[in-house]
Amino acid sequence: MVLLNLLKYRLIIVKRVKPIPYGGVIIPIVSLITGILLSAIILWVLVAIPPLELFSSIAHSVLSPVVLKSFIMLSLIGLALVISFRGAVWNIGGEGQIMMGVLVSTYIALFTALGTMPIVSKIVMVILAAIAGALWAAIAGILRAYLGVDEVPITLLMNYIAYYIIDTLVNGPWKGKHTWGYIRTDEIPRASRFITIPGTTITVEAVILLIVVYIAAWYILNYTSLGLRIRILGSNPDLLKSAGINVPITIILALTISGAIAGIVGAIYLAGIIHRIPYPIEAQTANYGYTGILVAWLSMLDLRAVPIAAYIVGILEASSIRLARAAVMYIFMGTVLLTYTVTRIFSEYTIKFVKKM
């Protein structure tokens, strides 16, 4: 009888007239908690990690020194991705743009006279890394803007192109002379390395760059005509066209700015963390470009929430290191993104049963 009554109705999904109150806070929290609980179940079933051990690892990671290093890197790449995502330009190529920053920074440090100049080398490395990341991202922007090619597969494929360019150089003309038989570059000179703050895992230059980039990103998005165009591009691109604004240029600039910040992350990664390029780079990268996607989504594309999301993701990353299981981080990312997607959908839409006519 109940089944017959249900057959008289049809299920429809309609957009909410009013958003969920405090949805910008509730949705990320629900996604995070649900993602961690689902991860605990998956890890328990698949790799026999007890949930209590997982939760203990997360708790101990809250004050881990490793989190500070991840916080800086993830905050920067999160800022980069939020800028393009706000314009509905989906930059999945942060990893490749970071690698381009690593590439040019290594060249400056190892193969030019600037590498031995303490301040000049660092400034030039950061500037050229930003330019390299911007140009690498602009390729996808041009293809999207003028040829209508989806930027998602293009930026993703360009990550691997960047990996293989670096691998070719490291296993060829850039192979180090003082590497004890390992395939990798020589270490960059001490003059080109960033200065570590005593008792921490972060560097002075990285902190300065984070502050500068955060202020610049905030200013661009909120107080410039370009920022306004990017925001409108993400919500109503037809409005830009009707106003006579060049939409293709706006798309390219959104990706270019995003790539420039990612390139700066590459300079920090080389000069502040690894100091040389290993081989193969794709097997030993920290994957900040991919993890940054989680930061951007958890922040709800709000610049104010990026540092908070970066710290939370850094804790998850540190807990996976404590458990010595690389798969833990990917399970966290997958489940949190999945639950975020579901909760985001239901925050904007609702299910209703309507009686059939």
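**View 1. Helices H5 and H6 pack against each other.** Axes here are lines fitted to C-alpha atoms, taken for helices over the stretch in contact, and the angle between two of them runs from 0 to 180 degrees between N-to-C directions. With that in hand, look at this predicted model: H5 (residues 94-111) and H6 (residues 118-147) pack at about 145°, and their axes sit 8 Å apart. The crossing of H5 past H6 is right-handed. On the H5 side, the contact is made by Gly 96, Gln 97, Met 100, Gly 101, Val 104, Ser 105, Ile 108 and Ala 109. H6 answers with Ser 121, Val 124, Met 125, Leu 128, Ala 129, Ala 132, Gly 133, Trp 136 and Ala 137. Sort the contact residues by type and you get 11 nonpolar, 6 polar and no charged.

**View 2. A salt bridge joins Glu 205 and Lys 122.** The two side chains meet at 3.0 Å, N to O. This pair ties together distant parts of the chain: Glu 205 belongs to helix H8 (residues 204-223) and Lys 122 to helix H6, 83 residues apart. For the model as a whole, the count comes to 5 salt bridges.

**View 3. The peptide bond from Tyr 279 to Pro 280 is cis.** Check the omega angle here and you'll find it near -10°. As for where this happens, Pro 280 lies in the loop between helix H11 (247-274) and helix H12 (281-284).

**View 4. Trp 180 has a positive phi.** Its phi is near 55°, and this is a residue other than glycine. To find Trp 180, go to the loop between helix H7 (151-170) and H8.

How values were computed. Residues are numbered from 1 along each chain as its sequence is written. This is a predicted model: local features need pLDDT of at least 70, side-chain atom pairs count only at pLDDT 80 or more; totals for chains, interfaces and linings use all residues. Side-chain values use heavy atoms; hydrogens and water are left out. Helices (H or I, at least four residues) and strands (E, at least two) are DSSP runs, numbered from the N terminus. A crossing is left-handed if the near helix is turned anticlockwise from the far one by less than a right angle, and right-handed if clockwise. Contact means heavy atoms within 4.5 Å. Ala, Val, Leu, Ile, Met, Phe, Trp, Tyr, Cys and Pro count as nonpolar, Asp, Glu, Lys and Arg as charged, and the others, Gly among them, as polar. A salt bridge is a side-chain nitrogen of Lys or Arg within 4 Å of a carboxyl oxygen of Asp or Glu.
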